[in-house]
Amino acid sequence: MPFSSREWHLAARPVGEPKPADFSFVSTTVPDPGPGQVVVRNDFVSVDPYMRGRMNEGESYIPQFELGEVMTGSAVGTVFASQAQAIPVGSTVTHFLGWREYALLDADALQIVDTSLAPASAYLGVLGTTGLTAWAALKDTAPVKGGDVVFVSGAAGAVGSVAGQLARKLGAAKVIGSAGGPAKAQRLTEHYGFDAALDYREGDIGARLSEAAPEGIDVYFDNVGGDHLDAALATMNLNGRIALVGAISGYNATELPPGPAHLPLAIGKRITLRGMNVGDHAHLADEFVPQAAAWLKDGSLVADETVIDGIEQAVDAFLSLMRGGNTGKMLVRLQYS
Ligand code: NAP
């Protein structure tokens, strides 16, 4: 029988940094599933930096959120009611109707996941698009070769912390990471195996990067853009490769940030700058997921989560993520009485 569920709507398009008043928390009714449909009770929902772009008017690389409507995003949950033979009640599934407690879905809009490989939440992080983004960027977009020096920005975050470890597995001789604050910088070297860590809040990232990499860098995994991208261009070796994965330093900007001043160096150094969208690399999941699950099991890959409890905290979790409140993947865990 239909029952109620709580969900987050976009109430206003943020100007600059989003604020709580840009969102509204709404109660709604979940109908019974029709033929071929299921109702999923979400256990974890993901909050991600790309959602900031979806709050703006106009398309980013994914359609905008509509004003006054429930937001979407990755989630993992348990099938609660089913009218689809292939998806029995009790299955653990991933889908794209996050930001809510219960979701009504067609069976072809969800995937059953194997919780014997890793806990369900891992499918929103290291075994989901987070891990796949890191893998695809280092395998395809800016391929790492044996002996390379690799620089990863946003290195204590979900994608960056995995990328640093995968760069090493792919043969990098030296892996340098940047993150905000001394505790995160320490975690990069002590926990994720980076050779050097730069706390970008401590001053000029360009000077600090060239100090950490006197031999230059061969691959830059860009999560941040802005001054980090400029520093990488200035430090890059001949035939260097840059994967343009994210540019979070500008996501709340109200005016276009200036372009990287060192871009002309890309000419003489024959640097490749290549944008990537994980959606183009779904085919790599078949090789990556079992491999990453095996590395998680043998302890050679570490994936952290920062978990905030309660669907009512989802906006706070998102705002905190955008300010660096997470280490590893930021997740919201849902609880039901
Ligand atoms: P995340 O790194 O876990 O979280 C975002 C982090 O960004 C924060 O923890 C914060 O860490 C950092 N940050 C915020 N403002 C910053 C600033 N002004 N300068 C430097 N760092 C700043 O998020 P994620 O999900 O792993 O995503 C990382 C990047 O990858 C994002 O840019 C995202 O858009 C991108 N991405 C792209 C794709 C794709 O297909 N292209 C897919 C997934 C993610 P600090 O405390 O270190 O500042």
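Let's begin with a crossover: in this predicted model, strand S9, helix H4 and strand S10 make a right-handed β-α-β unit. Helix H4 covers residues 182-190. The two strands of the unit, S9 at residues 174-179 and S10 at residues 196-199, run parallel and are joined by four bridges. To find your place along this pair, look for Ser-178, which stands opposite Leu-198 in S10.

Just ahead of this unit is a residue worth a stop. Ala-173 lies in the loop between helix H3 (158-169) and S9. Setting aside neighbours within four places in sequence, Ala-173 is in contact with Gly-147, Asp-148, Arg-168 and Asp-195.

S9 and S10 belong to an open sheet of six strands, arranged in the order S10-S9-S8-S11-S12-S13 with parallel pairing. S10 and strand S13 (272-275) each have a single partner strand and stand at the edges, so one side of each is left without a neighbour in the sheet. On average, and with direction ignored, neighbouring strands here are turned by 15° against each other. Further along the order, strand S8 (residues 149-152) and strand S11 (residues 217-222) run parallel and are joined by three bridges. Within that pair, Phe-151 stands opposite Tyr-220 in S11.

Which helices pack on this sheet? Helix H2 does, touching S11, strand S12 (236-244) and S13, and its direction makes about 145° with that of S11. Helix H5 packs on the sheet as well, touching S8, S9, S10 and S11, with a direction that makes about 170° with that of S10.

Each of these two helices also meets another helix. Take H5 (residues 205-212), whose axis comes within 9 Å of that of helix H6 (residues 226-235), crossing at roughly 40°. H5 and H6 are therefore oblique to each other. The crossing in which H5 passes H6 is right-handed. On the H5 side, the contact is made by Ile-205, Gly-206, Leu-209 and Ser-210, and on the H6 side by Asp-227, His-228, Ala-231, Ala-232 and Thr-235. Sorted by class, this contact has four nonpolar, four polar and one charged residues.

Turn next to H2 (residues 129-141) and helix H8 (residues 285-298), whose axes come within 10 Å and cross at roughly 115°. That angle makes H2 roughly perpendicular to H8. H2 passes H8 in a right-handed crossing. Gly-131, Leu-132, Trp-135 and Lys-139 of H2 make the contact with Ala-285, Glu-287, Phe-288 and Trp-295 of H8. The residues of this contact divide into five nonpolar, one polar and two charged.

Our last stop is another crossover. Strand S14, helix H9 (residues 314-322) and strand S15 make a right-handed β-α-β unit. S14 (residues 305-309) and S15 (residues 329-333) run parallel, with five bridges joining them. Asp-309 has Arg-333 as its bridge partner in S15.

Definitions and conventions. Residues numbered from 1 in each chain as written. Predicted model: local features only at pLDDT ≥ 70, side-chain atom pairs only at ≥ 80, totals over all residues. Heavy atoms only, no water. Axes fitted to C-alpha atoms, helices over the stretch in contact; angles between N-to-C directions. Parallel < 35°, antiparallel > 145°, perpendicular 65-115°, else oblique. Left-handed = near helix turned anticlockwise from the far one by under 90°. Contact = heavy atoms within 4.5 Å. Nonpolar A, V, L, I, M, F, W, Y, C, P; charged D, E, K, R; others polar. Pairing = 2+ DSSP bridges. Right-handed = clockwise from strand over helix to strand, strands pointing away.
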